[in-house]
Amino acid sequence: MLKENKILIGKGENPVYLLPKMANRHGLIAGATGTGKTVTLKVLAEGLSDMGVPVFLADVKGDVSSIASAGEKSAKTLSRLETCGIEADDFAMKGYPTRFWDVFGEGGIPVRATISDVGPVLLSRLLGLTEIQAGVLNITFHIADDNGLLLIDLKDLRSMLQFVAENRAAITTTYGNVSAQSIGAIQRALLALEDAGGDKFFGEPMLDINDWFKTAPDGRGIINILHCVELAQHPLLYATFMLWMLGELYETLPEVGDLDKPKFVFFFDEAHMLFNGAPKSLVEKVTQVVKLIRSKGVGIYFITQVPSDVPDSVLSQLNNRIQHALHAYTPAEQKAVRAAAQSFRANPAFKTEDAIAALATGEALVSMLDETGAPCIVERAVICPPQSSFDAMAEEDRQMVVGADKLYAKYKDMVDNESAYEVLSAEQAAIEEAKAEAQAAKEAAAAEKAEAAAAKQAEKEKQAQYKAEGKDKYGRTKLQASMEKAAKNTAKTQARKVSKTLVNKITRGILGTNNKAVNSVAGQLAGNLVSDLVGSFFKR
């Protein structure tokens with residue numbers, strides 16, 4: 001509840017508030033299952049929205065969707081209001097402007113990121129790669145960048161890995177050793193990721209983080225809810241998405257310094273999923289982002305069961321703390337309670353360690369930063385009721401809200417733009433086509449050569465057959481050859497006579513007939529011409 005421009009969280013001996021100016025100093029909501037963390041989360045989100053601050057939060061159990069609907073003033077709610085010192089008439093039950101998102105595109109607007117944008121570090125963790133395999137994946141990303149190949153979806157990365165495998169010898173000398181075994185292991189991990197829904201998360205259009213920095217027409221900040229019921233069944237995919245989004249916020253937003261209120265507040269539910277098995281380098285990166293993102297106007301709140309779920313380097317940055325009850329049956333649990341108690345500024349009115357174990361549902365130990373940025377003395381407080389409903393939104397109502405959202409049309413359909421897969425496939429197709437053409441030319445030349453050899457062999461066999469039959473190279477017997485030669489000679493003789501007579505007549509007709517010299521020249525010309533004509537005609 002927003003009161004005097006401060007978020008009223010609850011009341012113990014004194015009311016406890018979250019000051020707008022301190023809301024981006026990060027925070028922690030911790031407590032065992034069923035102790036009231038979700039209600040506390042809703043109270044904070046509602047107050048921030050009323051201040052005009054957009055909020056992002058994950059709905060792991062599916063019950064946070066109720067923030068979109070107005071609550072009812074039940075007897076329990078009225079009793080809680082009285083305990084918190086709030087007049088019932090001053091407490092308006094209302095729903096909040098809500099936008100639903102879902103990595104799988106089923107319970108909200110689809111959320112996508114590209115392979116390149118997630119990067120090799122987060123992706124290696126998501127795939128559960130060894131250090132050597134992560135190195136190969138990093139090389140693959142470098143090669144893609146150096147060749148201007150976009151890695152958008154899983155098929156792009158698979159194509160790129162295949163390209164690296166096929167060119168390992170050349171790549172090794174430039175980028176480092178790449179083994180076929182590592183490539184195979186990454187490819188198998190990608191298949192498992194695809195089965196887990198990774199094919200729906202990786203693609204375009206990619207989420208524009210600025211679409212989460214929106215306010216409603218009445219000035220309230222929109223509460224962006226990531227529907228995580230299914231996503232939470234895949235912890236690594238959930239953690240990768242949340243860490244990617246944190247990185248996007250950090251890289252996208254400009255430096256703004258200290259503001260009167262945050263630009264955006266981000267709630268990480270089930271924070272233990274983010275850090276379980278996380279490599280040291282990743283924890284260091286998260287710590288750096290948490291430290292620096294405050295100056296960009298973003299507040300980050302981790303929600304988990306015990307504070308020790310969050311690494312100490314991150315935990316030390318969480319200054320606004322709300323601790324619900326913790327059970328302390330085992331030595332490990334008792335140690336966790338002591339550690340949680342020691343993180344608060346002590347209140348002389350009670351022993352913090354004892355209070356943590358004795359808190360009732362809906363109670364919490366609360367320590368917020370004061371106006372100077374110093375932690376307030378811890379208060380044992382009853383948390384205010386939310387102004388929205390306690391009942392989860394019906395699925396059909398959620399789908400109606402999603403379908404009517406103007407951003408749904410922007411993100412609903414996945415777009416397959418040209419990227420590494422298409423480029424490498426086209427190059428491979430061109431190579432295959434060139435190989436096919438070269439093979440066809442080779443086969444045609446071979447066929448031509450074989451045909452010539454066959455013709456030569458056939459001619460050789462034919463001549464051998466002629467020889468065996470006593471024939472000449474034309475297939476004639478000696479008698480046929482003699483008769484043909486005689487016929488040819490007779491024909492030549494007759495042709496010469498006819499031609500000579502004809503030429504003589506023509507020549508004499510032109511030059512005259514009584515000149516001996518003319519007759520001699522005509523005879524010589526006729527003889528030469530006839531010889532040439534007859535020789536050409538009868539030449540074999």
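Buried means under 20% relative accessible area, exposed over 50%, and partly exposed in between (1.4 Å probe, protein chains only). This is a predicted model: local features need pLDDT of at least 70, side-chain atom pairs count only at pLDDT 80 or more, and totals for chains, interfaces and linings use all residues. Residues are numbered from 1 along each chain as its sequence is written, and side-chain values use heavy atoms, with hydrogens and water left out. Helices (H or I, at least four residues) and strands (E, at least two) are DSSP runs, numbered from the N terminus.

- Strand E10 spans residues 298-304, and seven of its seven residues are buried.
- Val 298, Ile 300, Phe 302 and Thr 304 point one way from E10. Gly 299, Tyr 301 and Ile 303 point the other way, and all are buried.
- Two strands pair if DSSP finds at least two bridges between them.
- Strand E4 (residues 27-30) runs parallel to E10, joined by four bridges. Ala 30 has Thr 304 as its bridge partner in E10.
- Strand E9 (residues 264-268) also pairs with E10 in the parallel sense, over five bridges. Here Phe 264 stands opposite Val 298.

**Salt bridges between separate elements**

- A salt bridge is a side-chain nitrogen of Lys or Arg within 4 Å of a carboxyl oxygen of Asp or Glu. By this rule the count is 15.
- Glu 194 bridges to Arg 158, with the closest N and O atoms 3.0 Å apart. The pair links distant parts of the chain: Glu 194 sits in helix H7 (residues 180-201) and Arg 158 in helix H5 (residues 154-166), 36 residues apart.
- Glu 194 counts as partly exposed because its relative accessibility is 26%. Arg 158, at 23%, also counts as partly exposed.
- Glu 363 and Arg 380 meet in a salt bridge at 3.4 Å, N to O. Glu 363 lies in strand E12 (residues 363-367) and Arg 380 in strand E13 (residues 379-383), so the pair ties together parts 17 residues apart in sequence.
- Glu 363 is buried, with a relative accessible area of 17%, whereas Arg 380 is partly exposed at 31%.

- The side chains of Glu 459 and Lys 462 form a salt bridge at 3.3 Å, N to O. The two are three residues apart in helix H16 (residues 420-468), so about one helical turn separates them.
- Glu 459 is partly exposed at 36% relative accessibility, and Lys 462 is partly exposed at 35%.
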